[in-house]
Amino acid sequence: MIETLTLRPGAVSLEQLEDLYWRTPSVVLDPACRTGAERSVEIIAAAAKGDKPVYGVNTGFGKLASTRISSDDVETLQRNLIRSHCSGVGPALSTRLVRLMMALKLISLGRGASGVRWVVIETIEAMLAKDVTPVIPSQGSVGASGDLAPLAHMAAVMMGEGEAEVNGERHSGAAALEAANIPPITLGPKEGLALINGTQFSTAHALAGLFEAWRCAMTSLVTGALSTDAIMGSTAPFRKEIHTLRGHQGQIDAARSIRVLMDGSEIRETHRDDDDRVQDPYCVRCQPQVTGAIIDLLRNVAMTLQIEANAATDNPLIVVEDGAIISGGNFHAEPVAFAADQIALAVAEIGSISQRRIALIVDPTLSFGLPAFLSPRPGLNSGFMIAEVTAAALMSENKQRAAPCSVDSTPTSANQEDHVSMAAHGARRLIDMTTNLVQIVGIELLTGAQGVELRAPLKTSQPLQNVLSSLRSLIPALGDDRILSGDLAAAAELVHSNAMVSAAGQEFFPTLADNR
């Protein structure tokens, strides 16, 4: 049975948004928001019967906003809007992303500024509860005026049209609703527009990128600590005092994590004195500065996306206090586009510095006595030689994808929508980028663990020993060469599932919401 999470629109926390993404529960809105929502419906109903033109209520859309629509055609207007806007293309979104997008739409409608009847909200709630997942093509939005095409494919299913999956099987929208015993709705004044105006597709993808990137960043603290111990790196650069002198909270937090992860390592103690090396390469020495900057960036992005997730972003919006219906531009996803661009930079940099540590540890001229490519018998065996090349390939892919999307506006809709955010594909690329990143960090997990174990009989710290035990319960150390693709996939899943952070001790790591 799907769990249910009750949300209060305007006050949904970052922790709740993470819960929505990772656990995909069903969602209901706090009943306290119903009064405001129903008041906005009354205002729209009165406008639909009046003589004054109100955008999207008794007018056409976009460039056709000057065309008046009679009250007899209001339902047809909304139905045609959804049908015409179901123009998405490309692969369908994952169930996880569609459910998050639907939950975000619920939150937005629940702010009481959209003019939709409560039955519209109940229909989305029922679809989430009964596992009816609209088939949403992934391409077709430019991030203004809202994510029109993908959200239209969601709305079509609510009308009994389009396509949806039920228990993993694809059906027509009508058949999916019938199987779940959910009545299709006939859209009233403005309701179609309220459903498809908004940034929920872009915001769902940006939140997904954020949460995936954060897990990778935290696991990279583990893999970075392993690599540092494996190459017998110094822990002096992680001392609290120098990071406090700089003052960036993320840097302070990253240094603390690495310190506690490495505390008590026998390997470290053997070279604390009389080590001819004065300084380690930057990919080891500057971990707190790089990962710390990433932590700060992701925390700032999290604040932006939390605000956006709680926002009313369709058009026009209703001010229930005075009955005003205001045409504005809250559908413009520029904040989400900027956030997505920043996440892309963070993802590229996590992979960049991780890949450099992989390259360091497999190089016998730099790894302080470890065998070439970490093979116990190099020459006859190639060890992790090509795994490092794979990491380099994925790192370069991510660097190429990290260029900003938000600067690439283009006019649409006969120049009525003449500046757009490009938030949708700016955020959508993050799925592929984080898929690459979990693989890069997973490769470092394998090379760092192998390097530490090659220092036997010396032992690493207890937290890192716990990581090794968890890892080796699934993936054995590399002796003679074997096909590594299965190991790489398993290691990537350990990163994605946060298993290595849990093995080391969750208490050793900063939190995304902690933005002091």
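Strand β6, which covers residues 163-166, is joined to β7 by 4 bridges, and the two strands run antiparallel. The model described here is a predicted one.

- β6 and β7 belong to an open sheet of 3 strands, arranged in the order β4-β6-β7 with antiparallel pairing.
- The edges of this sheet are formed by β4, at residues 132-134, and β7, at residues 169-172, each of which pairs on one side only.
- From one strand to the next, the twist averages 35 degrees.
- Helix α6, made up of residues 148-158, lies across β4 and β6.
- The direction of α6 is at about 140 degrees to that of β4.

**Cis peptide bonds**

- Most peptide bonds are trans.
- Another cis peptide bond runs from A456 to P457, where omega is near 15 degrees.
- The loop that holds P457 lies between α17, residues 423-453, and α18, residues 462-472.

**Positive phi values**

- Most residues other than glycine have a negative phi.
- L374 is not a glycine, yet its phi is positive, at about 65 degrees.
- This leucine, L374, sits in the loop between α15, residues 334-362, and α16, residues 385-401.
- L374 counts as buried because its relative accessible area is 0%, and the cut-off for that term is under 20%.
- N498 also has a positive phi, near 70 degrees, and is a residue other than glycine.
- The position of N498 is in the loop between α19, residues 485-496, and α20, residues 499-504.
- With a relative accessible area of 12%, N498 is likewise buried, because the term applies to values under 20%.

How values were computed
Residues are numbered from 1 along each chain as its sequence is written. This is a predicted model: local features need pLDDT of at least 70, side-chain atom pairs count only at pLDDT 80 or more; totals for chains, interfaces and linings use all residues. Side-chain values use heavy atoms; hydrogens and water are left out. Two strands pair if DSSP finds at least two bridges between them. Axes are lines fitted to C-alpha atoms, for helices over the stretch in contact, and angles run from 0 to 180 degrees between N-to-C directions. Contact means heavy atoms within 4.5 Å. Buried means under 20% relative accessible area, exposed over 50%, partly exposed in between (1.4 Å probe, protein chains only).
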